[in-house]
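Please look at the structure first, then read on.

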Amino acid sequence: MSSPVYNHTNNKRLTLIKAPFSGGQGKGGVEDGPAKLIEFGLLKDIEALGWEYTVEDPLSDFDTEEMKADKSDVFGNCKRPSMVSKCCEKIYKSVSDAYATKSFPLTVGGDHAIGMSTISAFIHNNPDGGIIWVDAHADINTPSTTESGNLHGCPVAFAMGLEIETWPPHFKWLAELSNFVKPEQITYIGLRDVDAGEKKILRDLGITAFSMYHVDKYGINEVVQRAMKAVCPTGKTPIHLSYDVDGIDPMYVVATGTPVRGGLTLREGLFLVEEIAQSGNLAGVDIVEVNPALASTEMHIVDTVNTGLSIARCALGDTLL
């Protein structure tokens, strides 16, 4: 039996999952992303588009500042594995609970380390589903390939169970899941800063990936159609969209942790969300790496946060006409 298609016209119940998390990398401020999105009108936008919603705050019991300050939280080259694991396990449960109640999970971060929990929960609840990962970076480093040790560069590898024997022991809950993401279940859009070790993983596993070269060559519509076909070949299975705002060029999104020039235009970045949403198969969304602290002007904050809000609106059915 195939998984249900989450068509916006049939089911407009949403769970907003706040993930004020910065443990996957060293820069502060990204934990303020969810609050800033809400301050700028996220809840009003959800209501205006006709969605009923509840708000979950799975990290509310954690002192994340104290956890991040723990210098002993290392394993090999991996930084803050205990913090990342504990927080991601909580987020995983919130996303799974949303699926259990047939609610659309919209997870707002926070850094992209939380993607290991959101896409793992998606595949666990939708084993025939597919994932589209929009990002400047592949985030598929393993403990043996990551140079920085920052786990926001590793969530896809963890969700896929890659090199599981090298994982920090803190991730036992993730290692014991019955479903890992398979190579054919994920595709990328917008890549332009991929580590050598990540390139080898992508090639060895045959993972479909569309870099900015492909966007330039084929155009964004063709890339989106190919991406959806890759992860949803029948057109009838659910899709999860994990969206790092640094997929969009820093000309439009300045307040993010690892900006890379030469990215998607704002319209390309929104079109791809609109197109996936209009397929009727969109089952969940992450919006991550909005970091107000990295803005040098108030307008940079406004531009970046409003881009995040635009992504959310497009995912929830907003159209230009």
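## Terms and model

Two strands pair if DSSP finds at least two bridges between them. Strands (E, at least two residues) and helices (H or I, at least four) are DSSP runs, numbered from the N terminus.

This is a predicted model, in which local features need pLDDT of at least 70, side-chain atom pairs count only at pLDDT 80 or more, and totals for chains, interfaces and linings use all residues. Residues are numbered from 1 along each chain as its sequence is written, and side-chain values use heavy atoms, with hydrogens and water left out.

Eight strands form an open sheet with parallel pairing, in the order 2-1-5-10-9-6-7-8. Strand 2 (52-56) and strand 8 stand at the edges with a single partner strand each, so one side of each has no neighbour in the sheet. Direction ignored, neighbouring strands are turned by 15° against each other on average; axes are lines fitted to C-alpha atoms, for helices over the stretch in contact, and angles run from 0 to 180 degrees between N-to-C directions.

## Strands 6 and 9

Strand 6 and strand 9 (residues 239-244) pair in the parallel sense over five bridges. Ile 132 has Leu 241 as its bridge partner in strand 9. In strand 7, the partner of Ile 132 is Thr 187.

## Strand 7

Strand 7 (residues 186-191) is mostly covered: six of its six residues are buried (under 20% relative accessible area, 1.4 Å probe, protein chains only). Four bridges join strand 7 to strand 6 (residues 130-134), running parallel. Four bridges also join strand 7 to strand 8 (residues 208-211), again parallel. There, Leu 191 stands opposite Ser 211.

Technical notes. Buried < 20%, exposed > 50% of the residue type's maximum accessible area, 1.4 Å probe, protein only.
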